[in-house]
Amino acid sequence: MSVGAFLTRRRGRCGPDVSDVLTYAYLAVGVIVMFGPVAWLVLSSFKTPAGLVEFPPSLLPMAPLTAEVEGYDRPLPLYDVTLPDGTTARLAQVRRVGLEAQMVDPDDPGEVLRVPVADRTEVRSLQFRFENYTEPLQRFNFLTYLKNSVFVTVTATLITLVVNSMAAFALAKYRFRGRNAVFLVILGTLMIPLSVVLVPVYLVIMQVGWVNNLWGVIIPGAATPTGVFLLRQYMLTIPDELMDAARMDGASEWRIYWQVVLPLAAPALAVLAIFSVMWRWNDFLWPLIVLTRSEYFTLQVGLNAFQGELNVQWHYVLAMTVLTLLPITLVFSFLQRFITTGVASTGVKG
Amino acid sequence: MTKTRKTRAWPRLLFALATLFALATAGAQVELRITWYDDGNEGQVLRDLLDRFEAENPDIRVVLDTVPYATGILQSLPLQLASGEGPDIARVTDLGGLSQYFLDLRPHLSDAAYWEANFGPFLDWMRPAGSDAIPGFMTQLTVTGPFVNATLFEQAGVDVPTGDTTWEEWADVTRQVAEATGTAYAMVMDRTGHRLAGPAISYGARVFDEDGNVVIDDEGMRAMMQLMVDWHADGTMNPDVWIGSQGAYAAGNESFVNGQVVLYMSGSWQVGQFDQLIGDAFDWRVVPNPCGPAACTGMPGGAALVGIADTEHPAEVARVMEYLASEEVLAEFYARTLFIPGHLGLAERGVDYVSDSPSAVDALNVFASQVGRLDQVAYDLQAYRYNRFVFDAMRDRLTQVFVGELTLDEALQRMQQDIDAGIAEAQ
Amino acid sequence: MEPSAASRGLGTLLGRAAEAVYAFVMGLLGLVVEPLQRLLGVRRMPWVFLLPNLSIFGLFVLFPVFLNLYVSLTGGTQLFPQDRPFVGLANYERLFDCGSYADPNSCVEDRFWRAVRNTTTFVVFQVGGMVLVSLVTAVVLNRRIRFRSFFRSVYFYPVLLSPVVVALIWKWILQRDGALNALLIGVGLEPVNFLLDGRWAMTWVIVVSVWAHMGFYTLILLAGLQSIPAELYDAAAIDGADGWRTFRSVTLPLLMPTMMVVLVLALIRAVQTFDEVYVLTGGGPGTATMMIVQYIYQTGFATQVQRFGLAAAASVLLGLVLLVATLVQLRVGRRTEGHLA
């Protein structure tokens with residue numbers, strides 16, 4: 001089979017052949033590589049702290065089976081024990097001291113047996129530790145952070161869409177002096193990552209009085225050069241005749257903008273909206289600087305504060321990470337077709 | 001629009017009501033913000049104490065903002081303080097470096113003498129040189145020292161060394177224990193120069209010259225650093241903390257709590273946390289700081305709760321601080337958080353620690369007994385205004401030696417450079 | 001973008017409500033904008049449209065850049081620029097003060113040069129690897145396969161994850177007791193502490209970064225492939241060209257403009273990498289994976305003595321590099337557009 005045949009676009013054969021097999025194999029590997037790590041995260045988030053530490057780790061969340069034993073207020077973990085006479089029994093462990101475990105028969109708890117640690121193996125079952133999700137929510141003000149994140153994301157996206165589309169409209173549909181200069185300047189700012197101008201931007205925010213204010217997180221990032229670039233590219237493909245016709249009908253420029261051009265640019269707007277939601281939801285460094293009062297924290301900042309505490313508790317961190325992933329995953333699964341066709345169509349005109 | 005008459009009445013009424021409400025509540029409640037971090041459960045304890053304060057002082061509301069230590073206190077707080085956007089009260093560890101931002105509570109205190117008597121020596125740590133300001137009090141005094149997993153010793157059949165020991169001895173013994181019990185690593189140390197300083201001083205590091213300038217390169221410092229290099233090279237020390245951690249500060253408590261290491265060099269603030277997290281999973285205890293040719297010392301330290309100079313309500317801040325620093329309140333705070341008191345009166349009388357486990361109380365007693373063995377150089381270093389530069393330089397450059405980017409000689413040179421550069425810029 | 005038949009009913013209802021709100025809001029905004037048109041005339045309208053964007057840019061992006069430039073010429077540790085002493089090019093001199101540029105250890109600011117070296121390595125291999133993988137994936141996705149949109153989404157999913165989440169996921173897999181080592185032990189190999197080994201750390205940082213971003217570029221390349229007219233392939237087939245020849249003379253040249261876009265976009269982003277790497281390795285072990293943006297962040301912000309001037313100088317230099325890259329992209333983009341036209 002030639003490499004070229006593999007690479008050309010058309011197939012028209014009935015029945016699978018080697019290149020098809022390779023194709024699907026590649027795609028299957030892709031699914032494992034792309035989703036695998038995330039799936040591993042999700043599965044791990046249901047494990048007990050002990051389960052997270054054990055090595056080699058088990059794939060599924062396994063936890064020790066426990067039993068209620070008369071005379072003990074907490075449920076005791078069960079073990080399969082090889083007794084001195086060679087038989088195995090399932091016993092409950094009261095306490096482990098060094099190399100010896102004190103165990104009782106769950107049905108006959110009167111007698112305490114001392115069993116060497118080596119002679120016992122844990123009895124485990126598939127258990128999903130949902131407490132990993134509920135416990136931190138009590139310490140971790142999830143709803144407030146969620147509310148802040150949603151507010152920032154939605155407001156920022158709306159503002160971004162309006163402001164960027166207006167700028168793109170001007171740059172795409174008008175000829176005026178200074179147009180190229182403005183476009184270059186806007187593009188040029190693509191090369192300034194926030195982490196580089198952190199302190200100056202913080203100073204500006206401070207002077208404006210937006211420290212510890214969600215607007216300090218929303219406004220600065222609203223004028224994205226990528227957004228302007230994307231929308232302009234797309235608007236260039238909208239025929240000018242439509243605008244001329246509208247002008248002849250007496251429409252104002254503003255009307256042309258929102259009644260003619262914007263609806264036609266809907267695919268690009270959708271892409272920008274999705275990107276904006278993504279950027280804003282995941283935005284971390286900037287909110288971290290601007291927001292120092294916990295009631296204003298967004299979810300990422302809250303999550304980081306949570307996992308940054310001196311005592312790292314992985315089972316909580318993993319669970320909260322999964323929670324942070326969920327909204328974007330849901331949005332994605334609804335809008336994925338927009339995203340994938342949109343990115344393609346606007347990116348290709350580079 | 002013919003509804004104008006009706007619609008105009010509503011806004012006016014609402015506005016009037018709003019103004020009345022605002023006037024009524026104006027000056028009613030002052031809100032104070034405390035920036036706090038947690039080692040263990042002290043946030044909850046503080047919240048309880050503050051709730052009681054608020055009940056008796058309805059005109060003050062205190063909000064507790066708990067932030068992570070590394071990013072919130074070490075990174076963000078200095079920036080906030082420099083830009084004037086800080087809280088009213090903060091719990092800080094870099095006492096010297098941030099002292100310029102602290103509020104002098106003295107004019108607002110009803111009994112300054114009480115503060116002098118009980119917090120006297122520690123106030124020097126919080127003040128700019130030569131001032132007599134009273135910025136706050138110590139939330140805890142800390143002493144560094146090693147924790148060991150006694151259960152592992154038992155399982156290996158090795159006795160826990162007692163009496164005066166050296167770090168090399170501990171390295172040997174813990175290696176033995178680790179091998180016998182199949183534990184991954186023998187020792188682990190928190191990733192900060194502050195932790196290393198105690199052992200270094202024990203081995204003869206003087207840190208300062210006669211004029212009080214920092215001279216990092218001397219025999220003692222070299223000796224200890226070489227030991228650290230060797231331990232990381234031969235697998236005695238857990239590399240995850242010094243080599244593998246992201247961010248500047250990292251603690252080794254996770255591996256100790258999970259029983260993956262035999263000895264953990266940290267300090268007394270961990271006792272509360274260990275009490276909760278380890279429970280009866282294994283027996284843990286604190287051992288005295290190992291000795292070197294010069295001393296058997298750890299490093300003193302602690303965090304302080306201080307008022308911030310930029311606050312709009314200094315009088316209210318003073319009231320909250322006086323309440324929290326009062327003897328009964330502090331006694332309860334220390335008792336529940338398992339911290340060593342930074343209050344001379346309580347230190348003498350002893351604190352009734354609240355704990356089910358004898359391990360915790362024993363541990364605290366061992367730490368308390370270590371206070372007497374702290375070397376003068378350790379106190380000097382802790383009180384030194386720019387000690388943060390020293391600790392950071394030690395940490396960062398030594399890590400580079402561990403991974404082979406620098407030799408120890410080059411690293412010591414660079415440490416000196418970094419420290420000098422930092423001090424020069426700060427002045 | 002066909003709405004599915006099932007949701008069409010609800011869709012129309014929501015759609016009409018949304019349209020009404022849209023028209024209302026736009027009408028309100030028009031109350032501000034339209035009078036401006038009467039005032040300024042149509043010719044000046046573009047500036048009205050540009051105004052919000054430019055104001056935000058000006059205040060929060062451009063002004064800080066100039067402020068940053070000024071700060072790079074100052075020294076001291078004061079936060080406010082007006083309190084900082086002017087030191088001219090001292091910060092730049094300090095950055096360039098080296099015995100030999102090839103050996104970071106001979107430089108005063110050795111960490112800066114290590115960061116430069118690391119970033120260069122990272123950019124070369126990450127961009128190269130990612131473009132290659134994206135190209136192959138795009139070619140594969142371009143074939144007639146079932147569930148194409150599902151597979152497209154699969155590759156795109158990691159792009160959506162925040163850098164913190166990406167780093168956490170992989171940290172969890174790569175650590176000494178992680179899943180990867182478990183797999184290695186399972187097949188009888190020795191476990192490796194990936195994140196603590198200098199070479200492995202860089203390799204994995206590159207792999208994780210490719211994993212997280214390739215989906216985006218795959219989609220762009222896919223669109224590029226799909227925009228190649230089918231007639232050209234037919235013509236090539238009629239001429240008797242085999243697959244490889246077709247790829248070389250039809251696919252590749254027509255894909256070149258898109259490839260250029262992808263290359264430069266990827267480059268610009270790679271140079272600015274910070275979040276993922278920082279959370280994954282912290283720049284470690286030692287400084288093996290410290291990138292230039294981390295150097296700037298650390299020097300100016302995260303260390304105890306915050307050397308704003310030095311950090312600003314380093315960031316100006318970074319900006320210059322990126323400026324060159326952007327200009328190159330514009331030049332190349334214009335030339336290839338000309339080619340096709």
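The model is a predicted one. Chain A comes to 15 helices and eight strands, chain B is divided into two domains, domain 1 (26-141 + 301-349) and domain 2 (142-300 + 356-426), and chain C is likewise divided into domain 1 (1-40) and domain 2 (102-340).

**Chain A**

- Chain A has 350 residues, of which 43% count as buried, and its secondary structure consists of 15 helices and eight strands.

**Contact between chain C and chain A**

- Chain C brings 89 residues to its contact with chain A, and chain A brings 84 residues.
- On the side of chain C that touches chain A, helix 2 (residues 45-71) of chain C gives the most, with 17 residues.
- By class, that side of chain C divides into 60 nonpolar, 21 polar and eight charged residues.

**Domains of chain B**

- The centres of domain 1 of chain B and domain 2 of chain B, taken over C-alpha atoms, are separated by 28 Å, and the two domains meet through 18 residues of domain 1 and 26 residues of domain 2.
- On the side of domain 1 of chain B that touches domain 2, the elements giving two or more residues are helix 3 (69-82), helix 4 (95-98), helix 5 (112-126), strand 4 (136-149) and strand 8 (300-307) of chain B.
- Sorted by class, this side of domain 1 of chain B holds seven nonpolar, eight polar and three charged residues.

**Domains and a helix pair of chain C**

- In chain C, the centres of domain 1 and domain 2, again taken over C-alpha atoms, are separated by 39 Å.
- Helix 8 (residues 198-226) of chain C packs with helix 10 (residues 243-271) of chain C at an angle of about 165°, and their axes are 9 Å apart.
- Because angles over 145 degrees count as roughly antiparallel, helix 8 of chain C and helix 10 of chain C are roughly antiparallel to each other, and helix 8 passes helix 10 in a right-handed crossing.
- Helix 8 of chain C makes this contact through C:Tyr217, C:Ile220, C:Leu221, C:Gly224 and C:Leu225, while helix 10 of chain C contributes C:Leu255, C:Thr258, C:Val261, C:Val262 and C:Ala266.
- The contact of helix 8 of chain C with helix 10 of chain C has, by class, eight nonpolar residues, two polar residues and no charged residues.

**Residues with positive phi**

- Most residues other than glycine have a negative phi.
- A:Asn212, although not a glycine, has a positive phi of about 60°, and A:Asn212 lies in the loop between helix 7 (198-208) and helix 8 (214-218) of chain A.
- A:Asn212 counts as partly exposed because it has 15 C-beta neighbours inside 10 Å.
- B:Val207, a residue other than glycine, has a positive phi near 65°, and B:Val207 lies in the loop between helix 8 (193-202) and helix 9 (219-233) of chain B.
- B:Val207 is buried, since 21 other C-beta atoms lie within 10 Å and the cut-off for a buried residue is 20 or more.

Key: Residues numbered from 1 in each chain as written. Chains lettered and ligands numbered in written order. Predicted model: local features only at pLDDT ≥ 70, side-chain atom pairs only at ≥ 80, totals over all residues. Axes fitted to C-alpha atoms, helices over the stretch in contact; angles between N-to-C directions. Helix = DSSP H or I, 4+ residues; strand = E, 2+ residues; numbered from the N terminus. Parallel < 35°, antiparallel > 145°, perpendicular 65-115°, else oblique. Left-handed = near helix turned anticlockwise from the far one by under 90°. Contact = placed C-beta atoms within 7 Å. Nonpolar A, V, L, I, M, F, W, Y, C, P; charged D, E, K, R; others polar. Domains from an automatic or database assignment. Buried ≥ 20, exposed ≤ 12 C-beta atoms within 10 Å, placed from the backbone.
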